[in-house]
Amino acid sequence: MKGQLPGDPGSLAAAGTAARQAARDLAGASARGTTAYLSLKDAWGTSTSVRTRKEGQRSTAALAEGGRQADVVGAALQAYAAELSELQARARRVVDAASTAGLVIEGGQVGLGWGVTGEADLEASNDRAAHVSSLQAELDGLTAQHRRRRDRLLAELLTSTRDLAELAGNLRLG
């Protein structure tokens, strides 16, 4: 089924797991940083301390938001990996059904293989044409689902990228 529904669900799931682990690490760093900056108030009561604590709070808030974004991306990658795996399994069943019927799939199109396909029988020919049409419709549906789900993932990744770019810009301006 190579080329029909491209992608590697295992690698996508692993990337999602890594992103979610990074999210947990960033959340932990943000919590530890918040605790540390809050403790400065008791030990250091000058105006410099206030400024330092405010900057620290901005930094820890940015860490927390970065962690949230990493978790969103990780969850999206894991969900897409599961969907892709399921779509690829369904596509393999279409390929197997085509092969069993003596049909081939090339370039996303179901058709007759080379060679003699049977006797000249109008009813059998009509049945085969209906089977080809049915398999083609199923394959086209799977391809469309794959495209929609991939596009949804890409939109989620783009949104996260924009949010992180805005966060980074705000940190530089502050």
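**Starting from one alanine**

Ala19 counts as buried because its relative accessibility is 16%, where buried means under 20% relative accessible area, exposed means over 50%, and partly exposed covers what lies in between, using a 1.4 Å probe and protein chains only. What you see is a predicted model, in which local features need pLDDT of at least 70 and side-chain atom pairs count only at pLDDT 80 or more, while totals for chains, interfaces and linings use all residues. Residues are numbered from 1 along each chain as its sequence is written, and side-chain values use heavy atoms, with hydrogens and water left out.

Let's stay with Ala19 for a moment. Ala19 belongs to helix H1; helices here are DSSP runs of H or I with at least four residues, strands are runs of E with at least two, and both are numbered from the N terminus. Once residues up to four places away in sequence are set aside, Ala19 touches Ala70 and Gly74, a contact being heavy atoms within 4.5 Å. Leu77 sits 58 residues from Ala19 along the chain, yet their C-alpha atoms are separated by 8.9 Å.

Now zoom out to the helix around this alanine. H1 has 35 residues, and its first and last C-alpha atoms are 51 Å apart, close to the 51 Å expected at 1.5 Å a residue; the expected span is 1.5 Å times one less than the number of residues. Besides Ala19, the buried residues of H1 include Leu12, Gly16, Ala23 and Gly33. A piece of helix geometry is handy here: an α-helix has 3.6 residues a turn, so residues three or four places apart point the same way. The cover over the buried residues of H1 includes H2.

How do H1 and H2 pack against each other? Helix H1 (residues 9-43) meets helix H2 (residues 47-100) at an angle of about 165°, with the axes 7 Å apart. Each axis is a line fitted to C-alpha atoms, for helices over the stretch in contact, and angles run from 0 to 180 degrees between N-to-C directions. The two helices are therefore roughly antiparallel to each other, on a scale where angles under 35 degrees count as roughly parallel, over 145 as roughly antiparallel, 65 to 115 as roughly perpendicular and the rest as oblique. Sorted by class, the contact of H1 with H2 has 19 nonpolar, 16 polar and 4 charged residues. In this sorting, Ala, Val, Leu, Ile, Met, Phe, Trp, Tyr, Cys and Pro are nonpolar, Asp, Glu, Lys and Arg are charged, and the others, Gly among them, are polar.

H2 itself has 54 residues and reaches 79 Å between its first and last C-alpha atoms, close to the 80 Å expected at 1.5 Å a residue. Let's walk along this helix. Ser49 is part of H2 and counts as buried because its relative accessibility is 0%. Leu158 is 102 residues from Gly56 in sequence, and the two C-alpha atoms are 28 Å apart in space. Further along H2 comes Thr60, which is buried with a relative accessible area of 7%. Leaving aside its neighbours within four places in sequence, Thr60 contacts Ser30, Gly33, Thr34 and Tyr37.

Not counting residues up to four places away in sequence, Leu87 touches Leu5, Leu142, Gln145, His146 and Arg149. Just after H2, Gly102 takes a positive phi of about 80°.

Which residues of helix H3 are buried? Among them are Leu142, Gln145 and His146. The buried residues of H3 pack against H2, strand S1 (103-106) and strand S2 (109-112). The axes of H2 and H3 come within 10 Å and cross at roughly 170°. That makes H2 roughly antiparallel to H3. By class, 19 nonpolar, 7 polar and 11 charged residues make up the contact of H2 with H3. As for its length, H3 (residues 122-173) has 52 residues that should span 76 Å at 1.5 Å a residue, and its end C-alpha atoms are 75 Å apart, which agrees.
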